[in-house]
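Colleague: Hi! Could you walk me through this one? I'm still new to reading structures.

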Amino acid sequence: MTDFSANAATLGYFYQARFALLRLLQAEADGEMSLERFDDIAFEEAGTPTQLLQTKHHIRRTASLTNASTDLWKTLRIWCESVLSGSLRPEETILTLITTGQAPLDSAASLLRPENRDVDRALELLSLVAATSESQTNKSAYEAFARLVSEQKRSLVSSINIIDSSPDITDVHQQILKELRLTVRSRFLTLVAERIEGWWFNRVIEHLSRDSRAPILAKELIDQIHDIQEQYFEESLPIEFLEAIGPDEADLDQSDRVFVHQLRLVMVQEPRIRLAINNYYRAFEQRSKWIREDLLHVGELEKYEGRLIEEWRNRHEIMRENLQEGSPQVQMQAEGRALYNWVDTQAEIRIRPKVSEPYVMRGSYHILANQLRVGWHSEFLALLGRVIQTTP
């Protein structure tokens, strides 16, 4: 396979998935969809397909859906074989071929468009091609078509809709944006669409990996849209790094290990240090993305850090008061660990009221600890100078 054909095939898969998303957005709220079960895309009711869709994407729009088109006959072969096996009853199923190619005037495909249909003439043209064409590529399709009895051929062709000159993969994305405009603020439309598509492609992968046994529900998509768009309200922010895994400690830059030294000063053990690195990484990436996407108000992050520092300072001073002059190191470590335990298990200081994911606050505290603006040991500033200087 050439690089061009490989790229075309890959785009074809993405087109199928993206077009499926568009169709589910346009479906009724109780719609059920499957991919690669009954066909490329299928709408179902109680496990029975009610509409089958084949998608054909071409990088160049010069592709022509002639009477002997390979795209057309590949699709017909699939549907013919399903009729012959008894798995498809065309009189009960809408069959749709969606292609970025174009059907020539007076071709069979042009006569099966939803508007101005002529089923008799289309059937006549297809039957003629199947009987006279010498195409080896289409041979198996012609043979499958020929095995149908007259009533089956007519029933099949009557059920077919050809949607040619369809939007390509880029234009389908624009149509998805159009569908979302009624429910999403225009300022956040692109960001919400990106996250919905990200969820959708993961959902399709999950669906296919389970052999497509359970359909994807329109309700799932609706719920996901609501969940995502609510994160862009005034009292919320999108949470996108919930499952992100931070680098190993050895892979951290020296300047990014200060918060780890802070934890070791109070004898926090390795499993919790691993969790702390994850929280540090997630918060750093999340905050950076909020800034890049201009989702924070002017000075909002600085004010949030000020609140974190103020609450830390109150508790840090209480801890220092509880320690007697000359307290043993073990006691200072225990008190410092208790202060960190409060951050790790009890504190709930949110940047916005509905941003409840703990990694935002925990990781922000680690970012501040990395800058030596907060610390857990009562003498962290004095001790860390020596620790950092002696770290290879």
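Colleague: What is the average pLDDT of the protein chain?

Modeller: This is a predicted model, and the protein chain averages a pLDDT of 91. Of the residues, 95% score at least 70.

Colleague: And which elements have the lowest and the highest mean pLDDT?

Modeller: Helix α14, residues 380-390, has the lowest mean, at 75. The highest belongs to α13, with 97.

Colleague: Let's stay with α13, then. At what angle do α10 and α13 pack?

Modeller: Helix α10 (residues 270-292) and helix α13 (residues 358-370) pack at about 95°, and their axes are 7 Å apart. Angles from 65 to 115 degrees count as roughly perpendicular, so α10 is roughly perpendicular to α13.

Colleague: Which residues make the contact?

Modeller: On the α10 side they include Ala-276, Tyr-280, Phe-284, Arg-287 and Trp-290. From α13, the contact residues include Tyr-359, Val-360, His-366 and Ile-367. Taken by kind, the residues of this contact divide into eight nonpolar, six polar and three charged.

Colleague: Nice. New topic: how many cavities of 30 Å³ or more does the structure hold?

Modeller: It holds one. The largest cavity has about 30 Å³ of space.

Colleague: What lines the largest cavity?

Modeller: Its lining is Leu-72, Leu-76, Ala-108, Ala-109, Leu-112, Leu-126, Ile-160 and Ile-162. Helix α2 (70-85) and strand β5 (160-163) each supply at least two of the lining residues.

Colleague: What about the second largest pocket: what volume does it have?

Modeller: About 490 Å³. It is lined by 20 residues, and Arg-195, Gln-231, Ile-239, Glu-240 and Leu-242 lie nearest its centre.

Colleague: Which helices supply at least two residues each to that lining?

Modeller: Both α7 (189-209) and α8 (218-230) do. The lining of this pocket divides into seven nonpolar, six polar and seven charged residues.

Methods. Residues numbered from 1 in each chain as written. Predicted model: local features only at pLDDT ≥ 70, side-chain atom pairs only at ≥ 80, totals over all residues. Heavy atoms only, no water. 1 Å grid on protein atoms, 1.4 Å probe; cavity = no way out; pocket = protein on both sides within 12 Å on 5 of 7 lines; lining within 4 Å. Points joined across faces, edges and corners; volume = space filled by probe spheres on them. Helix = DSSP H or I, 4+ residues; strand = E, 2+ residues; numbered from the N terminus. Nonpolar A, V, L, I, M, F, W, Y, C, P; charged D, E, K, R; others polar. Axes fitted to C-alpha atoms, helices over the stretch in contact; angles between N-to-C directions. Parallel < 35°, antiparallel > 145°, perpendicular 65-115°, else oblique. Contact = heavy atoms within 4.5 Å. pLDDT = per-residue confidence, 0-100.
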